[in-house]
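Here's a quick tour of a single chain, from the whole fold down to a handful of residues. Have a look at the model first, then read on.

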Amino acid sequence: MEVTVGILEEECVELNRRFFTFNTKHRPYIVLKWAQSGDGRIAGPGEGRVLISNEYTNRLVHRWRSEEAAILVGTRTALMDDPALTARLWKGPDPVRLVVDKELSLPASLKLFDGKVRTIVFNSSRHEEGDMLSYYQLAGDSSLVHQLMIALHRLKIQSVLVEGGARLLQSFIDEGYWDEARVITNTQLELPGGLSAPVLGTIQPISHESLFTDTIRYYRNI
């Protein structure tokens with residue numbers, strides 16, 4: 001029998017990049033996503049939620065959610081935005097919902113705790129497994145992001161879409177724990193005095209597309 005190897009190798013690696021990352025780097029494949037205003041703000045100057053991306057881009061984001069195993073936010077995003085973190089605007093599976101709540105301060109009334117989708121709460125004091133709601137106690141002296149990578153590998157979660165706030169996103173960037181970034185910019189919106197968006201540095205986008213008021217730039221951490 002004659003066997004030929006290496007056919008379409010690059011295409012196969014690209015198709016299975018989540019699997020290879022999980023098994024060679026012992027962490028999930030990380031996709032960062034955020035929306036920012038034209039002047040580089042991820043939120044307005046007040047406490048109220050600002051809708052930055054348009055309805056067409058929102059549908060695309062829900063498609064992205066359906067393509068990853070899990071979705072992650074931090075304590076402040078969960079509290080201020082009360083997101084459902086589902087793929088309800090797209091036909092596809094909902095990702096596992098992950099939230100960092102080290103002090104277990106989030107109220108049970110949040111959509112994250114509605115019992116409709118499996119949810120895992122990463123914290124510093126409680127470890128409890130449940131069918132729809134679990135608590136995972138983080139331990140160790142390493143950074144929060146590094147602890148998350150260890151925990152997610154143990155939980156066998158192969159990919160994560162990070163939709164957290166600026167601080168959580170910047171932590172992933174600064175520590176190099178990311179593989180893709182998708183940055184949505186509303187070119188017709190400005191938020192003077194708002195919260196600055198994360199910074200990728202000098203990395204150039206590999207592609208971009210426009211959806212009405214929004215420009216989406218795609219990055220890879222080579």
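## Overall build

The chain carries six helices and 11 strands; helices here are DSSP runs of H or I with at least four residues, strands are E runs of at least two, and both are numbered from the N terminus. Its radius of gyration is 18 Å, close to the 17 Å from the globule rule for 222 residues, so the chain is as compact as a globular protein of that length. That radius is taken over C-alpha atoms, and the rule is 2.2 Å times the number of residues to the power 0.38. Along the principal axes, the C-alpha trace spans about 70 × 45 × 35 Å.

Before going further, keep in mind that this is a predicted model: local features need pLDDT of at least 70 and side-chain atom pairs count only at pLDDT 80 or more, while totals for chains, interfaces and linings use all residues. Residues are numbered from 1 along each chain as its sequence is written, and side-chain values use heavy atoms, with hydrogens and water left out.

Of the 222 residues, 45% count as buried, where buried means under 20% relative accessible area, exposed means over 50%, and partly exposed is in between (1.4 Å probe, protein chains only). The chain exposes about 12,300 Å², and carbon and sulfur atoms supply 51% of that. Those areas come from the Shrake-Rupley method with a 1.4 Å probe; for residues, only the protein chains shown count as cover.

Take contacts between residues at least 6 apart in sequence: 68% of them join residues at least 24 apart, a contact being heavy atoms within 4.5 Å. As for charge, the mean positions of the 25 positive and 28 negative charges are 3 Å apart. Lys and Arg count as positive, Asp and Glu as negative, and His and the chain ends are not counted; each charge is placed at NZ of Lys, CZ of Arg, CG of Asp or CD of Glu.

Helix α2 covers residues 17-24, and R17, R18, T21 and F22 are buried in it. Looking down the axis of α2, these buried residues fall within an arc of 130°, so they line one face of the helix. The arc is that of the directions from the helix axis to the C-beta atoms. Just after α2, H26 takes a positive phi of about 55°.

In helix α6 (residues 166-174), the buried set is A166, L168, L169, Q170, F172 and I173. What do the buried residues of α6 pack against? Their partners are β1, β2 (41-43), β3 (70-73), α5 (144-154), β7 (159-162) and β9 (195-196).

V31 sits in strand β1 (residues 29-37) and is buried, at a relative accessible area of 0%. Beyond its neighbours within four places in sequence, V31 is in contact with E68, V160, L161, V162, E180 and R182. The C-alpha atoms of V31 and S159 are separated by 7.7 Å, although the two are 128 residues apart along the chain.

S159 itself lies in β7 and is buried at 3% relative accessibility. From S159 to I30 is 5.9 Å, C-alpha to C-alpha, across 129 residues of sequence. With neighbours within four places set aside, the contacts of S159 are R18, P28, Y29, E68, A69 and A70. The loop between α5 and β7 holds K156, which is exposed at 66% relative accessibility.

Is L85 buried or exposed? It's buried, at 1% relative accessibility. L85 lies in the loop between α4 (75-81) and β4 (96-100), and its phi is near 55°, a positive value in a residue other than glycine. F212 also isn't a glycine and has a positive phi of about 55°. F212 is in the loop between β10 (207-211) and β11 (214-220) and counts as exposed at 66% relative accessibility.

Over in strand β11 you'll find T215, buried at 12% relative accessibility. T215 and T185 are 30 residues apart in sequence and 5.2 Å apart in space, C-alpha to C-alpha. Not counting residues up to four places away in sequence, T215 touches V183, I184, T185, T187, E209 and S210.
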